[in-house]
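Please read this note with the sequence and the structure open beside it.

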Amino acid sequence: RVSTVSVDESSFLIVNSTPETEAAYLRNLFALVVAQFAGTKEYWNPPSIAGFAALVPRYENAIENIYHLTVPENLVAVHREELRLLGLQKNALAALVNYEQDPFMASVGGQLFFDSNTALSTLAEVVARFIKDNDIVL
């Protein structure tokens, strides 16, 4: 199902929350996301099925690598939500790639991608507030 993502919290590598572990987690998360999606602007401009298909493995790699990050206990909710939203976006892109086989699911996927992108923006605001409120230096 395009709109269902299961996040395996039992595989999270949870550590005590300290300013150092929080900063390290956020640095590693940001670096991972930047590295996975660097150079993908060409896939979006103009949007194309081939571009969407090329993005799916990048999402898969990002999700797999995010699972391997050590997570401070007070950032577990952020970690879980990041994984869930990236999983939704991956599913949405896969649905768009298969539009000929299932046009309805492709339509659902398009809306889901938009909605999950909005939710990722909200999550980014939460993280920015956490960084500011906790005086974290990245």
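The numbered points below describe the chain as a whole and then some of its aromatic side chains.

1. The model shown here is a predicted one, and the values discussed in this note should be read with that in mind.

2. The chain contains five helices and two strands, and when these elements are followed from the N terminus on, their order is β-α-α-α-β-α-α. The radius of gyration is 16 Å, which is close to the 14 Å that the globule rule gives for 138 residues, so the chain is as compact as a globular protein of that length. Taken along the principal axes, the box filled by the C-alpha atoms is roughly 50 × 30 × 20 Å.

3. How much of the chain is buried? Of the 138 residues, 38% are buried, while the accessible surface of the chain comes to about 7,800 Å², with 56% of that area belonging to carbon and sulfur atoms.

4. When contacts between residues at least 6 apart in sequence are considered, 79% of them join residues that are at least 24 apart.

5. As for charge, the chain carries 9 positive and 16 negative side chains, and the centres of these two sets lie 4 Å apart.

6. The structure holds four aromatic pairs, and one of them is formed by F12 and Y67, whose rings are 6.0 Å apart from centre to centre, with 50° between the planes, an arrangement that counts as tilted. F12 lies in the segment before strand 1 (13–15), whereas Y67 belongs to helix 3 (residues 49–67), so this pair ties together parts of the chain that are 55 residues apart in sequence. Are these two residues buried or exposed? F12 has a relative accessibility of 8% and counts as buried because the cut-off for that class is under 20%, and Y67, at 18% relative accessibility, counts as buried too.

7. A further pair is made by W44 and F52, with ring centres 5.6 Å apart and planes at 55°, so this pair is tilted. With regard to accessibility, W44 is partly exposed at 31%, whereas F52 is buried at 11%.

8. Which residues do ring pairs link into a cluster? The cluster consists of W44, F52 and F113, and a reader who has found the pair of W44 and F52 can look for F113 as another member of that cluster.

Notes: Residues numbered from 1 in each chain as written. Predicted model: local features only at pLDDT ≥ 70, side-chain atom pairs only at ≥ 80, totals over all residues. Heavy atoms only, no water. Helix = DSSP H or I, 4+ residues; strand = E, 2+ residues; numbered from the N terminus. Rg over C-alpha atoms; globule rule 2.2 N^0.38 Å. Buried < 20%, exposed > 50% of the residue type's maximum accessible area, 1.4 Å probe, protein only. Contact = heavy atoms within 4.5 Å. Areas by Shrake-Rupley, 256 points an atom, 1.4 Å probe, with all protein chains shown as cover. Lys, Arg positive; Asp, Glu negative; His and termini not counted. Charge placed at Lys NZ, Arg CZ, Asp CG, Glu CD. Phe/Tyr/Trp six-rings, centres within 6.5 Å; stacked < 30°, edge-to-face > 60°.
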